[in-house]
Amino acid sequence: MYNQDLYVLDGGIGKNICFTNCLAKLGKVNVMSTWPKVFTNNPNVNFSYDSQLNPLLDKTTFFNKFENIYMIQGYDPYFHRNKIHLINNFRRILNQDTNEILYNEIFYSEEEEEEIQPLLEKLESFILVQFIGSDEGSKETDFFGSRALTRQEAQEIINVINFDLKLNVVNVFSLKNHFDNTAQLDIQLDYRNYAHLIKYAKSFVAIDSSLNHMSANRFCNTKGVVLWNDENVHERFCYDKNINLFSNTPGVMRFDKNIILDSLHKNIKESK
């Protein structure tokens, strides 16, 4: 028997992935999200709805079918006034223990595990990279508050991984692949595919975006290198399993490329 409640989430994919930590203690609930595939096959989710929150449409009949509806806002006033990890803020909102290990839960079926095998065979040994996040449509990345690495530095890192380390590079993107020397695949991958692939990668290099949160999946042992433009942001969203590096210039994404590559190489060696 499932819980007749509906939990409605907003925001980006990272916020939605963080919320998965809380589901086991809620019972079998319904979820509504702009990232519904995050919750696919989750044993604690009865159904994952794509967002229906359009005030111009009459959805009263639909919403009245649920006993309770909870609009969950992870970035609430408490979050902005305290140094707290997003997962723990979700736990706090739901009256759950905030002292447990930080992790997320993304589930895959046996069928999905079988379907990904041909792709894994094609990629062989590979690294996932994500150097541009939600601002991937922006031409400029070297500005205060940017989370994206400069295109030139990102390309240089990809080249070393591809040519020197002899590893395939899978670039995480949603609109356009801005980089050369990355794996050319026959299929268009989506966010659920990337969250699946990271389980099998040698390591990853990413900015503060989806890969960072995907790596904290309880079923994923892959460790990566995550690049941060500010230590305050790091405290709210980081995971200790990864090597977390901070910008040389506060608030702007500038790093020593060699430190990034040395950190990546350390993770690769440990994965063997």
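This is a predicted model: local features need pLDDT of at least 70, side-chain atom pairs count only at pLDDT 80 or more; totals for chains, interfaces and linings use all residues.
1. Ile69 belongs to strand 4. With a relative accessibility of 32%, Ile69 counts as partly exposed, because that class covers values between 20% and 50%.

2. The sheet around strand 4. Do look at the open sheet here: four strands take part, in the order 3-2-1-4, and they pair in parallel. Strand 3 (45-50) and strand 4 (68-72) are the edge strands, each pairing on one side only. On average, neighbouring strands of this sheet are turned by 20 degrees against each other, direction ignored.

3. The partner of strand 4. Strand 1 (residues 5-9) runs parallel to strand 4, and five bridges join the two. If you want a place to start looking, Tyr7 stands opposite Tyr70 of strand 4.

4. The chain as a whole. The protein chain holds 11 helices and nine strands. Its C-alpha trace spans about 60 × 45 × 40 Å along the principal axes. The radius of gyration is 19 Å, which agrees with the value near 19 Å that a compact globule of 272 residues would have.

5. Burial. Of the 272 residues in the protein chain, 50% are buried.

Definitions and conventions:
Residues are numbered from 1 along each chain as its sequence is written. Side-chain values use heavy atoms; hydrogens and water are left out. Two strands pair if DSSP finds at least two bridges between them. Axes are lines fitted to C-alpha atoms, for helices over the stretch in contact, and angles run from 0 to 180 degrees between N-to-C directions. Buried means under 20% relative accessible area, exposed over 50%, partly exposed in between (1.4 Å probe, protein chains only). The radius of gyration is taken over C-alpha atoms; the globule rule is 2.2 Å times the number of residues to the power 0.38.
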